[in-house]
Amino acid sequence: MKKFFNMKKIIGFMLVATMMFGLSACGTKKAKVDEKVTDTREQTQTPEATQTPAETNTDAAALAGTVSITGSTSVEKILMDMISDFTAYNPDVTINYTGTGSSAGIADAMNGSNDIGASSRNLKSEETGLEQVEFAYDGIAVVLHPSNKVADLTMDQILKIYSGEITNWSEVGGKDAKIIVVSRESASGTRGAFEELTGLKDVGLVESATVVEGNGNVQATVAGNENAIGYVSFSFINDTVKAVTVDGVKATPENAKAGTYVLSRPFLLVYNKDTVTPEAKAFLDYVVTEDAQTFVEDHGGIRID
Amino acid sequence: MNNANKEKIVAKRQKDYKEKVFHFIFLVSALVSVLSVIAIIVFVFSKGLKPFFGEGAYSFFDFITGLKWDPGNDVYGIFYMIVGSVLATLGAIVLGVPIGLLTAVFIAEIAPKKIVAIIRPAIELLAGIPSVIYGAFGLGVIVQLIKKVSPTGQGESLLAVICVLAIMILPTIITLSESSLRAVPKSYREASYGLGASKIQTIFKTVVPAAKSGILSATVLGIGRAIGETMAVMMIAGNNIGGLPNSIWSKIRPLTSNISMEMSYASGRHQDMLFATGVVLFIFILVINTVLIRLTGKMGDEGSKK
């Protein structure tokens, strides 16, 4: 009997101990994660201080205020990373970003209702009086299976293939086979850019298109089907798929920057030279630095250098 | 004497105290799962029902009967996804249950121990494989095979989903069916043999009917697993943006993959609509479970009455 009680006690103790340990483990884990975050911050901060030009640093010490950025939603992911990195070193600066679309952002910059406008297209001739800083390029390659003998597609053909008007490879100079259209999930930035640049946005994607998640899956799907067509960010072109020339121009970062490759666009920040605040100027200087450019790469963009 | 009595009382109190503490610990443990379910329901429903109320509300009827999913143009229809999910699950059950049941019968009734020693670990291993591996296998093997015979020239299809789901539910079906077959009393079999029935007759006329409630609950769990499977089906379903599937070669977009594909980047109404998809999925699973649990309960009663 006594032994039994001891057993119970032991089991009870173990149970309680396990629960306590479980609870406390939760707590410490969280604390540890927090530590880690601050740690990496400090670590990245140290080399940063030595890397950035001295003038930005002295500026940074004195900077305080709010910068408002409005405009393109396509640049959101890159810009948000840049903003959080920039404000980490300039804690007194607050940067607000609102995604309103490129045209609205440019209009805001022209009438002075924001500090910086973000745009994912070049300025039009009627949009005047603004300075621009290009901080990234976006390039999309149209890819086919390597065995597909089609080597060039026009923008019009691409649009017609994706809208379902052209359904057979023979219509664009290939063999007699059904075209397998591969697209991305609807919230994808690459899909947004692709639909905008081709004009597919207005016509709509063909219903029978295969939709896969992520650039990597597009590449894998196209690589696995000789009649497939897909589109990926430039960084996902490799031996398993073949990137076609669009309107006769090769899909290279150089051509994208030069603007000759049509499935590409610049990411710009525009501002008014006369009214720009020192905080806004500091951010504009920051976006072209090595540190900021790594975020461009992180999100599949093309660096400016 | 008096002292001894006191000691007894103290000991009893201590015992009571211990009992209470344990009761509390058990209660807390039980509450964790109940509270989790409640929290999930509240969260998913509050997010998922939001787009259908208030200003600029989206018509729930359009949502549930729509045949196109195009968030870019504010079109959210999930009927074709519901059809796809249901067809895929049905297909997996039609294909998986017979195979699973026959395997279970083989293991429980027919196979020599040496063969069971090979088959059983294989099944257990099958149950432990992560679903993303099933997806990769589906994409690399099943999709490629289907591509060769499909009139559409593409392997991503309802058929591919059915094949992979059928394999995925096999361990559930086999393990549960096997244990319910083993639970059938030996006297049933002896009586059957005594009446001159052969082994196969005994299995299909006596043992399997006696184990039907267990087999049915195995099917329930199989359906649950099939309809809720996400990662593997997302990789092989094709995930078309609209249109009802009209053959086993058609692409489908299961409800689960609709959510997981777009959740990471979606915002605003688009995100709420993904939660709404989750609500539909949730209701689906609730209904299926309730109906089939009732069914198994009924059958179980009948079995015991016999």
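The model is predicted: local features need pLDDT of at least 70, side-chain atom pairs count only at pLDDT 80 or more, and totals for chains, interfaces and linings use all residues. Residues are numbered from 1 along each chain as its sequence is written, chains are lettered from A and ligands numbered from 1 in the order in which they are written, and side-chain values use heavy atoms, with hydrogens and water left out.

**Chain B with chain A**

- Helix 1 (2–49), helix 5 (131–149) and helix 11 (255–262) of chain B each supply at least two residues of the side that touches chain A; helices are DSSP runs of H or I, at least four residues, numbered from the N terminus.
- Helix 1 of chain B gives the largest share of that side, 6 residues.
- By residue class, the side of chain B that touches chain A has 11 nonpolar, 13 polar and 9 charged residues (Ala, Val, Leu, Ile, Met, Phe, Trp, Tyr, Cys and Pro count as nonpolar, Asp, Glu, Lys and Arg as charged, and the others, Gly among them, as polar).
- In contact (heavy atoms within 4.5 Å) are 33 residues from chain B and 29 residues from chain A.
- About 2500 Å² is buried between the two chains, with carbon and sulfur atoms giving 57%; buried area is the accessible area (1.4 Å probe) that two parts lose on being put together, summed over both.
- The rule finds 1 salt bridge across this interface, a salt bridge being a side-chain nitrogen of Lys or Arg within 4 Å of a carboxyl oxygen of Asp or Glu.
- B:Lys147 and A:Glu226 form a salt bridge, with the closest N and O atoms 3.4 Å apart.

**Domain 1 with domain 2 in chain B**

- Chain B is assigned domain 1 (3–48) and domain 2 (62–305), with bounds from an automatic or database domain assignment.
- The contact involves 7 residues from domain 1 and 8 residues from domain 2.
- The C-alpha centres of the two domains lie 37 Å apart.
- The area buried between the domains is about 660 Å², and carbon and sulfur atoms give 81% of it.
- In domain 1, B:Val44, B:Phe45 and B:Lys47 lose the most area to domain 2, together 65% of what that side buries.
- Across the domain interface the rule finds 0 salt bridges and 1 residue pair in polar contact, both at pLDDT 80 or more.
- The residues of domain 1 that touch domain 2 divide into 5 nonpolar, 1 polar and 1 charged.

Definitions and conventions
Polar contact = N/O pair within 3.5 Å; in protein donor to acceptor, adjacent residues only side chain to side chain.
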